[in-house]
Amino acid sequence: MATDLQIATRRVVSFNPATGELLRELDCPSDAEVHAAVAVARLAQPTWNELGVERRIRVLREFQKLLHRDKAEVARLITREAGKPYVEALLTEVLVVLDATRFLIDNAFEFLRETPVEHGSFAMKTKRGRILREAHGVIGIISPWNYPLSIPAVDTLAALVTGNAVVLKPSEFTSLVSLKLQSLLRQAGVPEAIFAVVVGDGSTGAALLQAEIDKLVFTGSVPTGKRIAQTAAVRLLPVVLELGGKDPMLVLDDADIDVASSAAVWGAFVNAGQACLSVERCYVHRSQYESFLAACLDKTKKLRVGNGLEPEIDIGPMIHERQLRIVESQVNEAVAQGARLLTGGSPLPKLGANFYAPTILADVTQDMRIMREETFGPVLSVTPFDSDDEAVRLANDSEFGLAASVWTRNTRRGEAVARRVVAGTVMVNDTISCFGISEAPHGGVKASGMGRSHGRFGLEEMVRVKYLDTDRMPGMKKVWWYGYGERFSGAMEAFVDLQFSRSLGQWTRGALKSLGVVKSRKL
Ligand code: NAD
């Protein structure tokens with residue numbers, strides 16, 4: 001009882017990271033309430049599923065209309081709660097969700113249609129096989145703060161359209177954006193029981209993981225992902241893990257340095273460097289190294305840091321001071337170990353507690369912490385290389401494998417290098433925008449996680465595959481239903497020959513002999 005009381009008083013507080021303004025304080029549900037939300041969703045899910053995909057698509061259409069109507073309000077809320085510049089909130093969150101909804105509206109019906117399975121085996125020709133895609137039931141979603149709308153919304157919409165109910169545990173830093181998503185979905189016609197937001201911190205997430213969900217889609221850090229995978233393993237709960245990244249950018253000797261340097265600066269500093277897909281390790285061919293650094297420095301000096309609600313601002317604050325201190329220590333350590341600081345390298349306390357100057361480090365070596373651990377802040381770390389082979393080796397020398405980019409004027413060469421990089425996505429001559437391609441699967445290899453979100457592969461995660469098979473000759477007993485013996489074995493050998501022998505004689509003998517076995521059946 002005492003524990004219940006303690007848990008019931010848990011709260012999360014939402015702040016504006018640019019100003020420190022308290023936006024709202026919210027009570028968190030107790031563990032029992034989280035379990036109850038899942039139980040209610042479980043009870044309601046069959047009705048939602050039976051509604052059919054066309055009706056659910058109609059609900060998504062309505063959601064798309066409402067989100068489009070409220071785009072500016074939603075983007076401003078994202079900026080106030082997560083700090084990113086308004087235009088980034090509009091493009092990398094609202095637009096991404098509108099387009100993901102478009103993808104689901106266009107594709108969900110076809111996706112859920114049963115797929116015939118042709119039987120290649122001669123022995124199985126009398127059967128009709130189909131693949132059914134069925135909803136799991138209740139999908140738990142646990143999401144991070146850095147893309148507080150696009151990450152939970154894309155997963156939620158894919159889960160809902162395929163007939164699942166969803167219980168979402170958003171990041172404790174961005175509860176308000178999730179509550180806005182909930183409000184829009186309800187207005188669009190999603191029943192209360194079918195989509196519930198349970199606000200809270202890690203312990204609320206842990207409660208959701210323990211509840212009777214059928215699958216968990218988790219996006220967040222590697223350490224939390226590993227803890228979740230361990231707990232899920234105990235009950236064999238299927239999980240999708242979208243974890244951290246340390247994305248390399250490979251600038252080959254024939255790259256357009258003006259284009260590549262702009263991409264590096266944007267790719268490293270967008271969302272104040274707090275993107276799983278940020279450019280974190282920039283490898284540049286030695287022949288272009290100094291001119292690339294000079295271009296990056298010049299472009300970085302023009303960037304304006306401040307409150308993302310002001311239209312001229314390029315880089316907003318980091319999410320909280322703890323995150324800033326981690327980045328600060330990575331940068332300081334790299335400089336102490338010999339990295340060259342070209343610009344930045346310090347907090348900007350005059351702007352507020354969470355601002356950090358966009359930073360460029362040159363001559364960073366592979367063994368430095370800043371090249372091995374995820375750097376969730378506005379830092380561009382640059383290193384030279386001498387050959388494509390070395391660039392690929394450096395790119396693959398990481399525990400992460402989320403995404404990568406290759407920069408060259410020769411796209412064939414770029415694609416050849418891209419095929420050698422171990423990652424979930426490799427872009428040639430662009431970075432990060434893969435997240436905005438609704439058809440493209442998003443996800444990583446190695447410590448960057450397992451499973452996929454977005455596109456058709458994201459939809460596949462939301463369904464169970466069932467194989468349905470119907471015999472076309474129900475009145476006929478199967479020849480292999482006993483009757484074993486020497487004659488039967490011989491006939492079966494002949495039957496194997498019938499299918500796989502390349503000699504006409506053996507094939508004909510096989511056909512005649514295997515036909516005879518039908519008569520010898522005992523059962
Ligand atoms: P985090 O791991 O600290 O938290 C993520 C979510 O998990 C939050 O909602 C948090 O409350 C919850 N959580 C924490 N402990 C938990 C526990 N024991 N059980 C259940 N839930 C728990 O990550 P973060 O700081 O919110 O997000 C940043 C990380 O997310 C970075 O590593 C980033 O790379 C990663 N990320 C990955 C992707 C991707 O698509 N691969 C996208 C965005 C962010």
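Which residues in H4 meet which residues in H5? Before I answer, please keep in mind that this is a predicted model, in which local features need pLDDT of at least 70 and side-chain atom pairs count only at pLDDT 80 or more, while totals for chains, interfaces and linings use all residues. Residues are numbered from 1 along each chain as its sequence is written, and side-chain values use heavy atoms, with hydrogens and water left out.

On the H4 side we have Lys71, Ala72, Val74, Ala75, Arg76, Ile78 and Thr79, and these meet Tyr86, Ala89, Leu90, Glu93 and Val94 in H5, where contact means heavy atoms within 4.5 Å and helices are DSSP runs of H or I with at least four residues, numbered from the N terminus. By class, this contact has eight nonpolar, one polar and three charged residues, with Ala, Val, Leu, Ile, Met, Phe, Trp, Tyr, Cys and Pro counted as nonpolar, Asp, Glu, Lys and Arg as charged, and the others, Gly among them, as polar.

As for geometry, the axes of H4 (residues 71–82) and H5 (residues 86–112) come within 8 Å and cross at roughly 110°, the axes being lines fitted to C-alpha atoms over the stretch in contact, with angles running from 0 to 180 degrees between N-to-C directions. The two helices are therefore roughly perpendicular to each other, a term that covers 65 to 115 degrees.

Note on methods
Parallel < 35°, antiparallel > 145°, perpendicular 65-115°, else oblique.
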